[in-house]
Amino acid sequence: MKWKQLLERAIRFFRGQEPAVYPQYGYEDHRKSSERVLAVFRNGDGDETWIPTLEEVTREEPYNFDIWLLLGIECFYAGQYNKAYVGLAQALKLSPNNLKALLMMGRLLATKRNDIKGAIYYFNKCLACYPNDKYVMGNIAEVYFEIGLYEQALPLMEKTFNPDQYIDYLNLALCYYKTGKLEQAKRITYGKD
């Protein structure tokens with residue numbers, strides 16, 4: 001089958017794009033890599049969707065982690081959240097500590113399924129597998145902030161605060177304000193000690 005050969009080529013390309021430092025590889029990086037895979041797979045046809053093809057491949061190759069993960073991520077970005085959940089859940093069965101799958105599952109549960117308890121479970125697993133990793137903490141803090149869990153976001157934001165980033169000042173000040181720490185909010189906003 002031509003599609004299977006193209007998909008195998010795309011997966012080889014995808015694996016070759018993955019950086020050596022795994023925790024630095026996040027949502028947007030994966031999405032960009034996934035788009036490059038799509039370009040290889042589509043072979044120039046930019047209008048073709050590949051979600052049905054990925055679903056077909058999962059039936060033929062149910063133990064292929066890459067396919068389940070790609071299916072989960074593509075469905076997430078296509079707004080097919082139930083399918084995204086299934087893809088990510090299967091990927092996590094095959095690789096329970098995979099950073100990309102853990103972070104995406106947490107984001108999906110928190111932002112699209114309103115399952116805060118489930119999201120916290122996956123985020124805690126990320127932090128257990130990748131302790132003190134600023135990239136992991138930053139991504140989790142971003143989701144907590146986005147859904148209004150400022151108490152959970154605050155310690156992570158404090159640990160990942162970058163004084164060269166304006167947005168870090170803004171988000172940290174808002175977190176302090178939302179958690180009732182007005183003096184800290186004023187201090188970071190106005191730069192007074």
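Predicted model: local features only at pLDDT ≥ 70, side-chain atom pairs only at ≥ 80, totals over all residues.
I140 itself belongs to the largest nonpolar core, a set of 48 residues, in which L69, M105, F123, C126 and I140 touch the most other members.

Let me turn to the charged side chains, where a search of the whole structure finds four salt bridges. In one of them E55 meets K83, with 3.1 Å from N to O, and this pair links distant parts of the chain, since E55 sits in helix 3 (residues 51–60) and K83 in helix 5 (residues 81–94), 28 residues apart. K83 is partly exposed, with a relative accessible area of 37%.

Another salt bridge joins R107 to E146, the closest N and O atoms being 3.6 Å apart, and here too distant parts of the chain are linked, with R107 in helix 6 (residues 99–111) and E146 in helix 8, 39 residues apart. R107 has a relative accessible area of 10% and is therefore buried, the limit being under 20%.

The bridge between E183 and K186 has an N to O distance of 4.0 Å, and because these two residues are three apart in helix 11 (residues 182–190), about one helical turn separates them. K186 is partly exposed, at 47% relative accessibility. Salt bridges that share partners also join R107, E142 and E146 into one network.

I will finish with the aromatic residues, for which the structure holds six pairs. Among them, Y121 and Y122 are edge-to-face, with 5.0 Å centre to centre and 80 degrees between the planes; Y121 is partly exposed at 49% relative accessible area, whereas Y122 counts as buried at 17%. F161 and Y169 form another edge-to-face pair, at 4.9 Å centre to centre and 90 degrees between the planes, and here F161 is partly exposed at 24%, as is Y169 at 31%.

Elsewhere, F76, Y77 and Y81 form one aromatic cluster, and R113 lies over the face of Y85, at 4.2 Å from the ring centre.

How values were computed. Residues numbered from 1 in each chain as written. Heavy atoms only, no water. Core = buried A, V, L, I, M, F, W, Y, C linked by side-chain atoms within 4.5 Å. Buried < 20%, exposed > 50% of the residue type's maximum accessible area, 1.4 Å probe, protein only. Helix = DSSP H or I, 4+ residues; strand = E, 2+ residues; numbered from the N terminus. Phe/Tyr/Trp six-rings, centres within 6.5 Å; stacked < 30°, edge-to-face > 60°. Lys NZ or Arg CZ within 6 Å of the ring centre and 35° of its normal.
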